[in-house]
Amino acid sequence: MRIIALFFLAVTGSIIGSFVGALTWRVHKKMNFVSDRSECEHCHHKLAPTDLLPIISWLCLKGRCRYCRKKIGSLSLWLEISVAIVFVASYIFWPLGQVEASALQAVTFALWLVAVTLMAALFVYDLRWGFLPNKFMLPLAIVAALISILNNIFIQEIPLQNYMTNTLLAMIPVAGIYGAIYILSNKKWIGGGDVKFGIIVGLLLSWQGALAVLFISNVLGSLVMLPLLLAKKVRIESQIPFGPFLIFATFAIFLIH
């Protein structure tokens, strides 16, 4: 049963990864996600269903458009693989108890996969275009709030007053500190999206977990930024997307916290 579940999550994750790639592109281009079809970014030829098979299509076409033969990049491939791995890892390391233990556990896990999908969309969008859009941030905040309520009030049965106090405390390390920097620097040192994501961190984690996210994301950011500065590929005043570091740290701490 466990092997079947892992296989199902891996396949589903790769499909969701492909979906995230298409979703972020359409949101960026202000396309209608329901009616508009996926197309090549170069020649704008509408893609056939056989062009959209997760992982398989990219490998068969060797990372090129079937119609214009221009490179389509490896981001789509890595996105499909990464989301598949994240879905599987979420099941293996699920920190809130056995997924199959109760309906509440199963619903909470399903909501977490939705949150992972939205975080993947934010990760890609910020990486490509340096922005964390509210179109993904707002639904993620709602899903994170539902996960928080189900886990803390219904599964762990924490009293409401204690839960509210703990949640507010958990928002201080990221949302509070980044919010202060955002205001004091007149929006120059940190983006508003990073502050908003700090609220999501507070919903998903304890204050200790949020502190760990703050530490890990800044260490990762420094490790990436320093070589780029030394190679003179960026300048000290350059704006580097910080959302991916926050998102990666949040996912990792949620599963091990």
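Mentor: We begin with a definition: a polar contact is a pair of N or O atoms within 3.5 Å; within protein, one must be able to donate a hydrogen and the other to accept it, and residues adjacent in sequence count only if both atoms are side-chain atoms. This is a predicted model, in which local features need pLDDT of at least 70, side-chain atom pairs count only at pLDDT 80 or more, and totals for chains, interfaces and linings use all residues. Residues are numbered from 1 along each chain as its sequence is written, and side-chain values use heavy atoms, with hydrogens and water left out.

Trainee: What lies 3.2 Å from a polar atom of the side chain of S217?

Mentor: The backbone oxygen of L214 lies at that distance of 3.2 Å, and the limit is 3.5 Å.

Trainee: Why does S217 count as buried?

Mentor: Buried means under 20% relative accessible area, exposed over 50%, and partly exposed in between (1.4 Å probe, protein chains only). S217 has 0% relative accessibility, so S217 counts as buried. S217 lies in helix α8 (residues 207–230); helices (H or I, at least four residues) and strands (E, at least two) are DSSP runs, numbered from the N terminus.

Trainee: What makes W94 and F109 an edge-to-face pair?

Mentor: Rings of Phe, Tyr and Trp (its six-membered ring) pair if their centres lie within 6.5 Å; planes under 30 degrees apart count as stacked, over 60 as edge-to-face and the rest as tilted. The ring centres of W94 and F109 are 5.1 Å apart and the planes stand at 85°, so this pair is edge-to-face. W94 is in the loop between α3 (75–92) and α4 (103–129), while F109 is in helix α4, 15 residues apart.

Trainee: How do you know that W94 and F109 are buried?

Mentor: The relative accessibility of W94 is 8%, so W94 counts as buried. For F109 the relative accessible area is 6%, and therefore F109 is buried too.

Trainee: Which term describes the pair of W94 and F254?

Mentor: That pair is tilted, with 5.8 Å from centre to centre and 50° between the planes. F254 belongs to helix α9 (residues 243–256) and W94 to the loop between α3 and α4, so the pair ties together parts that are 160 residues apart in sequence. W94 and F254 are both buried. Y91, W94, F109, W112, F251 and F254 form one aromatic cluster.
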